[in-house]
Each structure stands twice: as structure tokens, then as C-alpha cells.
Amino acid sequence: MTVPEIYSPLPPAIHPRHAEIDAQTSQWAHEFKIGSEDLRSRLIAHDIGTFAARILPEGDEGAVSIIADFILWLFGVDDGHCEEGDLGTRPGELAGELSRLLRVAQDPQAPLLPDDPLADGLRDLRLRLGQYATDSQIARWVDALREYSLSVAWEAAHRAAGTVPSLSDYTLMRLYDGATSVIYPLLEMGRRYELRQEERDRRTVRAISEMSSFIIAWDNDIFSHHKESRSSGYYLNAIRVLEHHENLDPGTALSVAIRQRDSVMAHFLYVRDRLLQDASPELVQYLESLGHFIRGAQDWGISSHRYTTPEDPADLPTAFSSSFADTNQAPLDIPVISHWWDPDLFSW
């Protein structure tokens, strides 16, 4: 299935030290033995350090390296425990294992999971975070990691039963299991600022953060469909959900998914421009970082071996479009995100 050029008005950017950051992340993965040797070799080949360098092109190099190592760690959990491991079909046991890892993130001195590479790697990440992040940012990072953990346990229940959730349920959980929200506190950390609580809790700021998560998740589902649909195990993404519940063929489901992400992209740009009219310097930086995160995920998605799968090449685009696939950008009929288009979204 050919994926066309999708709409992206956001400019590309990358940290000038991206090669060094990527090399450091490879070294970190080996040092902490993240995943099996086979999984680790694959993850190292996915240019995850380069992805992080696209997310924070103007960030502190040490902080960008933390983000890179953490993303690789997340793939170690997602691929090692969920996609390829036995816990991927045992949601109760997976929830227990992730809860123990969460405790390590809260308290890296906790005597839990001795000689566990994922726990050791998470301890290292948490201690390094303490050099850059505030207590509030670390607390929000742990809370977001808890949301991610709940969502992957939810997905494991569907994997065990072989079921496909509704579009509304899938959308809700995809905002979390895409692990985007767990990166958001680190965007602030990487540029040495902190959003004021009243700004972060503003309904519009929460909504645009979720829009960013949706765009990144839907783009990932589009770019990863070739890889996932050819695996021998259970897979779940937006295209499969649309195929299953709307009785669509894969090509039509792809077109619907592109229209959905285009609609949210258009609204993201509108809300961002409205917010910038009275944004603090910190919020301006945060909104810039959301744009870099979206575009960084797009550039990585069409270039990383994780999704291009050279051994069975995916028919992905090599560039992005400057216009929408469909100019009729109506609000999406998905109840869990319908409030993004509320007329009173900008009220406090």
C-alpha cells in the first residue's frame, strides 16, 4: 500500500550534535543491556538519537541525550515486554511489572527489580533527570509514565483477546500509549524553562498538547502500518480500527486516517496561532517544541529503518505536501476529542 505525501507545514530542524547524540544513545543501550541482543541491535539501527535531536533542535545536548535514551528505553518496554514478550498477552502481570518500574522512577533508590536492565536503565534516567528537571517536572513525568503504563496494559488485554476497540476508545488510549505525553515535561527541561501552573492547566494548552499527541500517533500508525500488518502477531493501529469497524478496505482506511490527521493538524495550527497572541515567553517555547516534536516524528517516521523496513521495503513518501489531501477540514466525530472544537475552548 502506497502512502502519499502527507501535509506538513512545520519546518524541519535538527540539533547540530545529532550524530554524537545518536552514538551516545547506542552506547547507553549497550551499557544497560536494554532488551535482548537482537532487539537491542535493531533499536540501535533505528536512529533514535537523531529522532530526539529533531524533537529539541535547540536543547541542551545532555538533556537531548536523556530524551534519546528514554525513547529507546520506551521501545525496550514496548517491543520487549509488549510486542514480542510474554507479558504482551498477560495484562495483569504486565501492569504489575510496569508498576514496579514506576516505583523505580519515583524512587530510584527503591530496592526493586535487582539486576533488571530496564529498571537499571530507568534508575540512570531518573538520576540524570534530577540534574536538569525541577521536582514538578519530574513529578509530571512520572504521572505521564503511569498513564502510558495503564494504556499499554489496556492494549495487552485486547491483544490477549484478539479484539479491536472502538475508534473512540482507541483514540483515547492512543493519546497515552504513543508515549508522547511522557515527553512533554522533558521539552521544558531540555530548554531550561518551566511553564507556569496556571498556563499549563489552561484548557486550551491541554487541548493543543493532546492534538500534538494525536497527530504524532496517527502519523506513526500510517507510517508503521506496512511493518505491523506483515508481522505474525496481533497489531493495533488506526488503519486497522477503521477497517474493522467501518468495513473499509486498507486503501480507503488509509485515506480516512489521513483526512483525520489533516483535520487535527489544521486545528492545531489555528489554536497555536490564537495562543501565541497572549502567550508568555515560556508558552511560546513550549508551542515551538510541540511543532518540532510533530515534524521530528514525521521526518524520523519516513526515514528510520524501523518503518522503512529495508528487508521488505515500505512504500513511504520521501517528502511532505504543502497542502491538505482534503480541503474540507470538519471537526472529527470522535466523542473523546470533540471538545477540541468547542467554541468556548479559549475561555479560562
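The model is predicted, so local features need pLDDT of at least 70, side-chain atom pairs count only at pLDDT 80 or more, and totals for chains, interfaces and linings use all residues. Residues are numbered from 1 along each chain as its sequence is written, and side-chain values use heavy atoms, with hydrogens and water left out.

Let's start with α6, residues 117-129. Helices are DSSP runs of H or I, at least four residues, numbered from the N terminus. Of its 13 residues, 10 are buried (under 20% relative accessible area, 1.4 Å probe, protein chains only). Among them are L118, R123, D124 and L129. The cover over the buried residues includes α1 (18-32), α4 (61-83) and α7 (135-161). At the N-terminal end, D116 caps α6, with a side-chain oxygen 2.9 Å from the backbone nitrogen of L118.

Now to the rings. The structure holds 15 aromatic pairs (Phe, Tyr or Trp rings, using the six-membered ring of Trp, with centres within 6.5 Å; planes under 30 degrees apart are stacked, over 60 edge-to-face, the rest tilted). Here are two:

| Pair | Type | Centre to centre | Between planes |
|---|---|---|---|
| F70 and W73 | stacked | 6.0 Å | 20 degrees |
| W300 and Y307 | edge-to-face | 5.4 Å | 85 degrees |

F70 and W73 sit 3 residues apart in helix α4, about one turn, and both are buried. W300 counts as buried because its relative accessible area is 5%; Y307 is buried too, at 4%. Ring pairs also link W300 and Y307 into a cluster with F51, F75, Y184, Y286 and F293.

Key. Helix = DSSP H or I, 4+ residues; strand = E, 2+ residues; numbered from the N terminus. Expected span 1.5 Å × (residues − 1). Buried < 20%, exposed > 50% of the residue type's maximum accessible area, 1.4 Å probe, protein only. Contact = heavy atoms within 4.5 Å. Polar contact = N/O pair within 3.5 Å; in protein donor to acceptor, adjacent residues only side chain to side chain.
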